[in-house]
Amino acid sequence: MSSAAISPLASVKALTFDVFGTTVDWRTSVINEIKQHIDQKLNTDVAKEGSPSAELRERIHHLNYKNGGNPEASDGWIRSFADAWRQSYVSFVHQQARAGLQDSGSFKTTDEHLYDSLIQLLDEWLLKGLFIPSELKSLSLVWHRLAPWSDTVDGLAKLAAPPLGLVTATLTNGNIELIHNLNKFGDLGFQRLFCAELLKSYKPAPETYLSAARELGLQPSEVAMVAAHMSDLAAARNVGLRTVYVARKEEEWWSADDERLEQAKDWVDIWIKEDEGGFVELTKRLTELRA
């Protein structure tokens, strides 16, 4: 990180934020909702339509026992299921990013992928038929109802307010409806909502970052990308954006011994550790830089 008297962040006018993992705690929300859906199914009268079969009940009993040693404790395997669902999303967006700009006819949204991958994962985990179509749809939309990290709302408000007065915008691989719902559900207060569906490209494609800067009416150097994933920041940096790393629990994809993570200390403009206060700390750092 630069120790120059004048930080390159001094001229930044807008901050674009990754959402899943950086702004919202997707893991806790997804695990809780999967567990809630399964508990509701298991508590359904066996004679009622839509009640899980004896085979499915036995399968869940087995998963509970196998992953936690307790046939009534589902947290272990549900966490693994949620991580697998997230990983399928990560693989999807990177595959889509390689295509660069896409036309509307060929563009697949995050919502579409999350629904399709949920069905596929249930099949792979031998849980096919556990949920009826309406329940599958509801569960797939849990990504519209993710709780923010404890510092998110306060931090975003302070970043946008005087004396900083920065434009706060999402820059997410989510789709239009998803990000509008997340902004409303979490009372996040973002001023601009940029997403893959709107920009017709997925991160980490260069076009995604450049399109966001263009929509803001700014040069790339006047925008800072804020993310908990170093690969996101590396891609943003490659096209001229400034970078802010906000570490979040279990969010970094690069391993701790990855030399790229060590090298990033030389180019990340602001590095906020996991226990340092997230977006609220970012407000303090930027205020100090501009004093």
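Colleague: What share of the contacts in the protein comes from residues 24 or more positions apart?

Modeller: That share is 69%, taken over contacts with a separation of 6 or more. Contact here means heavy atoms within 4.5 Å. Keep in mind that this is a predicted model, where local features need pLDDT of at least 70, side-chain atom pairs count only at pLDDT 80 or more, and totals for chains, interfaces and linings use all residues. Residues are numbered from 1 along each chain as its sequence is written, and side-chain values use heavy atoms, with hydrogens and water left out.

Colleague: Why does the radius of gyration of the protein agree with a compact globule?

Modeller: The rule is 2.2 Å times the number of residues to the power 0.38, with the radius taken over C-alpha atoms. For 291 residues a compact globule would come out near 19 Å, and the protein has 21 Å, so the two agree.

Colleague: How many of the residues count as buried?

Modeller: Buried means under 20% relative accessible area, with a 1.4 Å probe and protein chains only. By that cut-off, 52% of the 291 residues are buried.

Colleague: Which residues make α4 and α5 meet?

Modeller: From α4 come Leu114, Tyr115, Leu118, Ile119 and Leu122, and from α5 Leu136, Lys137, Leu139 and Ser140. By class, that's seven nonpolar, one polar and one charged.

Definitions and conventions: Helices (H or I, at least four residues) and strands (E, at least two) are DSSP runs, numbered from the N terminus. Ala, Val, Leu, Ile, Met, Phe, Trp, Tyr, Cys and Pro count as nonpolar, Asp, Glu, Lys and Arg as charged, and the others, Gly among them, as polar. Buried means under 20% relative accessible area, exposed over 50%, partly exposed in between (1.4 Å probe, protein chains only).
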